[in-house]
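Subject: Structure for you to look over

Dear colleague,

I am passing on the structure we talked about, together with some notes on what turned up in it. Please open it alongside this message, so that you can follow the residues as they are named.

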Amino acid sequence: MSRLFKILVVCLAVLFGFAAVWQGSSREEDLPTAVDSAVFQKENIYLLLRGSQTKMGGYAREYNRYGGLASHIALGVYTDSLRIYHVNTRKSNPMITESLTSFVTTEEKSYNYLSVWKLKGMTPNKLDSIQNAVNQLLNHEIKFDYKFNSNDENTLYCSEYIYKVLQPVSPALFKDAFYTKEVPRGHRFYLKTDTLHYLPADFILGNKQELDLLFEWELPTQ
C-alpha cells in the first residue's frame, strides 16, 4: 500500500468520524435543549402541543382529530415572564402553573413531541382578559374530566381549559373545533357512551390561520 493511499484512508476515516459525531449529537438532542432555540415575545399568548410515550399519552392520541403525536395542550402567557398553564390528570389540584423548563422536563424522558404556536392579533386588552380568565379558574377547585363532559362545571380536560380561557377573546380559533367521534369499544364501559362530542387536544391544527408556528420538535426514531 503506497504512502499516499494510506494518508487518503486516514483522512477519510477522520472525515467520516466527524460526520458520525455530528449526526449523533443531532439525534440525541433532547427536548429541553432543543426548545432553548425558541424565541418568545412579551405581551403574547402561546399554545403548546406536547406528546408523550406514556400509556395515558397513547390513550389520549386516539381522540386526536388530525393524528400526529400530540396528546396534550397547554397555554403560555408571556407578560413579565413566560408561564405555562394547563390541566392534567394529577389528582391533587390538576390545574398547573409552571415554567417552560418544567413543562418540557420529565424524569422518565417520555416526551416525544412539542410544537409551540403564537396566537395572532394579540392586544393589551385581550391579554388582560385572558390573564383574568386564568386567575378566575385558578381560584376554583377543579378536577380533571376523564369523561369529556363539557356540561360539568367542576371538571375540565386540557383542551376544554383552553376553550374556557381563550374563546371569549379569540372565537375564530374555535370555529368548527368541536368534534364528534365514535368511542372505541374498549373505552365504552369507562366513558359510559358510544359517541363523544368534545374538543380534541389537537383542535388548533384545523385553524392554523389564527396562529404562527414558533417551534416544533419530534423525538427522532432510533
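The notes below go from the chain as a whole to its strands, its core, its pocket and a few loop residues.

Please keep in mind throughout that this is a predicted model. The chain has 222 residues, of which 41% count as buried, and its secondary structure comes to seven helices and ten strands. Among contacts in the chain with a separation of 6 or more, 69% are made by residues 24 or more positions apart.

I would start with strand β3, residues 82-87, which is mostly covered, five of its six residues being buried. On one side of the pairing scheme is β2, residues 72-78, which pairs with β3 in the antiparallel sense over four bridges, and these two strands form a hairpin with three residues between them. β3 is also joined by four bridges to β4, residues 95-98, and that pair likewise runs antiparallel.

D80 has its place in the loop between β2 and β3, and it counts as exposed because its relative accessible area is 69%, where over 50% is the cut-off. In space, D80 lies 7.0 Å from K42, C-alpha to C-alpha, although 38 residues separate the two in sequence.

The largest nonpolar core holds 43 residues, and L75, Y161 and L166 are the ones that touch the most other members. Two or more residues of this core come from each of β1, β2, β3, β5 (111-119), α5 (124-138), α6 and β9 (195-198). Apart from this core lies another, of 19 residues, which includes A34, A38, F40 and Y46. In soluble globular proteins, nonpolar side chains tend to be buried together.

Which residues lie nearest the centre of the largest pocket? They are M56, A60, S71, H72 and T89, out of 29 residues that line it. The volume of this pocket is about 530 Å³. β1 (44-52), α3 (55-61) and α6 (158-166) each supply at least two residues of the lining, and α3 gives the most, with four. Sorted by class, the lining has 14 nonpolar, twelve polar and three charged residues.

E43, in the loop between α2 (31-34) and β1, has a phi near 60°, which is a positive value in a residue other than glycine; E43 counts as partly exposed, at 44% relative accessibility. K192, in the loop between α7 (185-191) and β9, also has a positive phi of about 60° although it is not a glycine, and K192 is exposed, with a relative accessible area of 57%. K175, for its part, lies in the loop between α6 and β8 (179-182) and counts as exposed, at 57% relative accessibility. From K175 to I204 the C-alpha to C-alpha distance is 9.6 Å, while the two are 29 residues apart in sequence.

With kind regards

Definitions and conventions. Residues numbered from 1 in each chain as written. Predicted model: local features only at pLDDT ≥ 70, side-chain atom pairs only at ≥ 80, totals over all residues. Heavy atoms only, no water. Buried < 20%, exposed > 50% of the residue type's maximum accessible area, 1.4 Å probe, protein only. Pairing = 2+ DSSP bridges. 1 Å grid on protein atoms, 1.4 Å probe; cavity = no way out; pocket = protein on both sides within 12 Å on 5 of 7 lines; lining within 4 Å. Points joined across faces, edges and corners; volume = space filled by probe spheres on them. Nonpolar A, V, L, I, M, F, W, Y, C, P; charged D, E, K, R; others polar. Core = buried A, V, L, I, M, F, W, Y, C linked by side-chain atoms within 4.5 Å. Contact = heavy atoms within 4.5 Å.
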